[in-house]
Amino acid sequence: MQVLRAVVTSGSVTAAAERLGYTPSAVSQQVAALEAQAGTPLLERAGRGVRPTEAGTLLAEHAALIGGQVAVAEAALADLRAGRTGRLAVRYFATAGPGLLAPALARFRRDHPGIGVELRLSEPDDPLAEVAEGRAGLGLVVRPDTPAPPGVDLVHLLDDPYRVALAPGHPLAGRQVVELSDLAKEPWVGSEPPGPCLHAVLHGCAAAGFTPEVAVECQDYTTAQGFVAAGLGVALIPRLGLAVPHPGVTIRPVRGPEPTRTIQAAVRSGAPRTPALTGLLTALRDAASPQGAAGDGLPGRPRGSARACR
């Protein structure tokens, strides 16, 4: 149809061939093939040139519309490939929002203002299926450094150490660092639901030689700090979970060992590393660096250090 349009606008097969870079015979063959498909003549002789029949005029007009749409599609594809437009679905868990995802998205939107980001809250280990099936472009997950599940690649972002939350009058509150074993006989406020985050806590306690006695259960860090402030027990809370510390609690690092959860970005195996996906991963890495991560102001743990949840 574009060959036909070139013949109609130029007035001859020879002129159309010169414009398109074809031979006149190739142009004639293309027009003949189109006439066979249309079932009616498209061109007729007019002096030394040709002119379109009514059917030829109709198809030439549609060819112009199609050519315009193809140009629009090519421009849109170029914008998408360059990272100027597009959409990226992201799944994240609650405590990754304020200290990790929020600063990363602020930078990402400055660098890629035309990319729409769809955010949806999930549990720390839930979005893997969505990522593997392509329903989400990236998911933030808590996992130890173990092989990724089928269909998913994992990108290490941050080792998030746990801190102990104590009532201000607690005997251990005066220490700069608390030995984990010193919490063995304390009543605990359970702040983690079953899953990879709780596993990091229990694994660390087991390494210190005890199993915590949970006196009060809750499943969010804000409520846990409130219970601690009321003197109902102690709690281990990850650094990213302390973005808004309770004024009535004292936060201290722990050691011997220091429980740590590993936060990673999950992307689909074999998925094209588009400018949008690459840009968000870069922004997440920068936000996860010791200078960029939020929390209690203590330096983050670099990759490769010993951690309790291995």
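In which hand does α1 pass α2? Helix α1 passes α2 in a right-handed crossing, where right-handed means that the near helix is turned clockwise from the far one by less than a right angle, and left-handed that it is turned anticlockwise. Before we follow that up, a word on what you are looking at. This is a predicted model, in which local features need pLDDT of at least 70 and side-chain atom pairs count only at pLDDT 80 or more, while totals for chains, interfaces and linings use all residues. Residues are numbered from 1 along each chain as its sequence is written, and side-chain values use heavy atoms, with hydrogens and water left out.

Let us take the overall picture next. Of its 310 residues, 43% count as buried. Here buried means under 20% relative accessible area, exposed means over 50%, and partly exposed covers what lies in between, with a 1.4 Å probe and protein chains only. A contact means heavy atoms within 4.5 Å. Among contacts between residues at least 6 apart in sequence, 74% join residues at least 24 apart.

Now back to the helices. Two packed helices are described by the angle between their axes and the distance between the axes. Helix α1 (residues 2-10) and helix α2 (residues 13-20) have axes that come within 8 Å and cross at roughly 120 degrees. The axes are lines fitted to C-alpha atoms, for helices over the stretch in contact, and the angles run from 0 to 180 degrees between N-to-C directions. The two helices are therefore oblique to each other; angles under 35 degrees count as roughly parallel, over 145 as roughly antiparallel, 65 to 115 as roughly perpendicular, and the rest as oblique. From α1, the residues V3, A6, V7, T9 and S10 make the contact, and from α2 they are V13, A15, A16, R19 and L20. By class, this contact has 7 nonpolar, 2 polar and 1 charged residues. In this scheme Ala, Val, Leu, Ile, Met, Phe, Trp, Tyr, Cys and Pro are nonpolar, Asp, Glu, Lys and Arg are charged, and the others, Gly among them, are polar.

Another helix pair brings together α5 (residues 96-111) and α9 (residues 275-288), whose axes come within 8 Å and cross at roughly 130 degrees. These helices are therefore oblique to each other, and their crossing is right-handed. On the α5 side the contact includes L100, L101 and F108, and on the α9 side it includes L280, L284 and A287. The contact of α5 with α9 divides into 12 nonpolar, 3 polar and 2 charged residues. In the loop between β12 and α9 you will find R273, which is partly exposed at 45% relative accessibility. Leaving aside residues up to four places away in sequence, R273 touches V267, T278 and L281.

Charged side chains come next. Side chains of opposite charge can pair when their charged atoms come close. How many salt bridges does the structure hold? There are 12, each being a side-chain nitrogen of Lys or Arg within 4 Å of a carboxyl oxygen of Asp or Glu. E130 and R91 form one, with their closest N and O atoms 3.1 Å apart. Because E130 lies in helix α6 (residues 128-132) and R91 in strand β3 (residues 86-92), the pair ties together parts that are 39 residues apart in sequence. Both E130 and R91 are buried, and they belong to a network of salt bridges that also links E118, R120, E133 and R135.

R163 and E258 form a salt bridge too, with closest N and O atoms 2.9 Å apart. R163 sits in strand β6 (residues 152-166) and E258 in the loop between β11 (250-255) and β12 (260-268), so the pair ties together parts that are 95 residues apart in sequence. Both residues are buried. E44 and R51 also meet in a salt bridge, at 2.9 Å from N to O; E44 is partly exposed at 35% relative accessible area, and R51 is partly exposed at 45%.

I237 is in strand β10 (residues 235-238) and is buried, with a relative accessible area of 0%.

Methods. Helix = DSSP H or I, 4+ residues; strand = E, 2+ residues; numbered from the N terminus.
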